[in-house]
Amino acid sequence: MIFVPILLIACSPEPTRGTDEQIKQVAYRGDPPPNLTLYTVVNNKTGQGMHSALMIDGSQRVLFDPAGTWRHPNVPEQDDVKFGFSPGAQGLYEEYHARALYSVVRQTKTVSPETAERALALAKNNGSVMEAFCAKATGKLLQNVPGFEAMPSKFYPSHLMKAFAQLPDVETTRICEDDTDSFEAVLEQQSTIYPNK
C-alpha cells in the first residue's frame with residue numbers, strides 16, 4: 001500500500017481533549033449563509049492530495065480535521081473536531097498547510113441550516129480517526145448529509161476533492177505560499193498569535 005506513507009505527512013493523530021466549558025467559551029458563529037467547506041492539501045509537485053478536512057459553518061463554525069496535525073492553544077478540540085474556528089483560526093490553519101511544497105484547495109458550498117446542523121452533529125459524534133483515514137472519514141461523513149450522498153469514501157483526498165467539485169455552485173479557491181519552514185516551526189510561531197474572532 002504505497003499511498004499510506006505519503007498520506008501520513010498531513011494526517012497524524014494529535015490526541016487532545018478540550019473541556020465543554022472551553023468549547024462553550026470559544027464557540028464562533030460565522031455570517032450567513034450556512035456552508036460546508038472541503039479543504040484538500042495538495043502536493044504541488046505530484047498533484048496528489050495529502051489531507052482532507054471539512055469546515056462546517058452552521059449554528060457554530062467548527063473544523064472536522066480527521067487525524068490532522070494542526071493545533072492551537074486557543075482552539076480546543078474534542079476528538080477530531082476543532083471548535084472556535086473563527087476567521088483568525090481559519091487563516092492560521094490555511095497558513096500552516098500552504099507552503100512551498102503544498103497548496104490548499106478550499107471548496108465551499110452553501111447549504112440549508114438543517115444540512116449544516118446534520119453535518120455538525122455527525123462530526124461531533126464521529127470520534128477520533130486513525131492515521132491516513134482523513135479522506136475516507138470525511139467522505140463517509142458527507143455521504144450521510146443530504147445532497148452529498150455521492151461523495152466517495154476512499155483513501156485518496158484528491159478523489160474527494162474532484163467529486164466535491166462536481167456539485168452545483170461550489171466556490172473554489174487555491175491558496176499558495178512560498179514558506180519553507182517546517183510544520184513544527186509554524187505551529188510554534190502560531191502558538192503566540194491569538195486567532196481573533
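The radius of gyration is taken here over C-alpha atoms, and the rule for a globule is 2.2 Å times the number of residues to the power 0.38.

**View 1. Overall form of the predicted protein.** This is a predicted model, in which local features need pLDDT of at least 70, side-chain atom pairs count only at pLDDT 80 or more, and totals for chains, interfaces and linings use all residues. Residues are numbered from 1 along each chain as its sequence is written, and side-chain values use heavy atoms, with hydrogens and water left out. For 197 residues, a compact globule would have a radius of gyration near 16 Å, and the 15 Å of the protein agrees with this. The C-alpha trace spans about 40 × 40 × 30 Å along its principal axes. The accessible surface is about 9300 Å², and carbon and sulfur atoms hold 52% of that surface; such areas come from the Shrake-Rupley method with a 1.4 Å probe, and for residues only the protein chains shown count as cover. Of the 197 residues, 52% are buried, where buried means under 20% relative accessible area, exposed over 50%, and partly exposed in between (1.4 Å probe, protein chains only).

**View 2. Secondary structure and contacts along the chain.** The protein has seven helices and seven strands. Helices (H or I, at least four residues) and strands (E, at least two) are DSSP runs, numbered from the N terminus. Read from the N terminus, the order of elements is α-α-β-β-β-β-β-α-β-α-α-α-β-α. Among contacts between residues at least 6 apart in sequence, 70% join residues at least 24 apart; a contact means heavy atoms within 4.5 Å.

View 3. Seven strands form an open sheet in the order E4-E5-E3-E2-E1-E6-E7, with antiparallel pairing. Strand E4 (77–78) and strand E7 (170–175) stand at the edges with a single partner strand each, so one side of each has no neighbour in the sheet. Helix H6 (residues 157–165) packs on the sheet and touches strand E1 (35–43), strand E2 (49–57), strand E6 (102–110) and E7. The direction of H6 makes about 140° with that of E1, where axes are lines fitted to C-alpha atoms, for helices over the stretch in contact, and angles run from 0 to 180 degrees between N-to-C directions. Two strands count as paired if DSSP finds at least two bridges between them.

**View 4. Gln-107 between two partners.** Nine bridges pair E1 with E6 in the antiparallel sense, and Leu-38 stands opposite Gln-107 in E6. E6 is also joined to E7 by six bridges, again antiparallel. There, Thr-172 in E7 is the bridge partner of Gln-107.

**View 5. Strand E3 and its neighbours.** A hairpin of three residues joins E2 to E3, and the two strands pair antiparallel over four bridges. Met-55 has Leu-63 in E3 as its bridge partner. Strand E3 (residues 61–64) is also joined by two bridges to strand E5 (residues 81–82), in antiparallel fashion. Here Leu-63 stands opposite Lys-82, and Phe-64 stands opposite Val-81. Both faces of E3 are covered, with Arg-61 and Leu-63 buried on one side and Val-62 and Phe-64 buried on the other.

**View 6. Gln-60 in the loop between E2 and E3.** Gln-60 lies in this loop and is buried, with a relative accessible area of 12%. Leaving aside neighbours within four places in sequence, Gln-60 is in contact with Ala-27, Tyr-28, Arg-29, Phe-83, Leu-120 and Lys-124.

**View 7. Two nonpolar cores.** A nonpolar core is a set of buried Ala, Val, Leu, Ile, Met, Phe, Trp, Tyr and Cys residues joined through side-chain atoms within 4.5 Å. The largest has 28 residues, and Leu-36 and Phe-148 touch the most other members. Helix H2 (20–26), E1, E2, E3, helix H4 (113–126), helix H5 (134–143) and H6 each supply at least two of its residues, and H4 gives the most, with five. A second, separate core of 20 residues includes Met-50, Leu-63, Val-75 and Val-104.

View 8. Not counting residues up to four places away in sequence, Phe-148 touches Leu-36, Lys-109, Val-111, Thr-115, Leu-142, Gln-143, Phe-164 and Leu-167. Pro-152 is in the loop between H5 and H6 and counts as buried at 18% relative accessibility. With residues up to four places away in sequence again left out, Pro-152 touches Gly-139, Gln-143, His-159, Leu-160 and Ala-163. The C-alpha atoms of Pro-152 and Lys-140 are 7.4 Å apart, although twelve residues separate the two along the chain.
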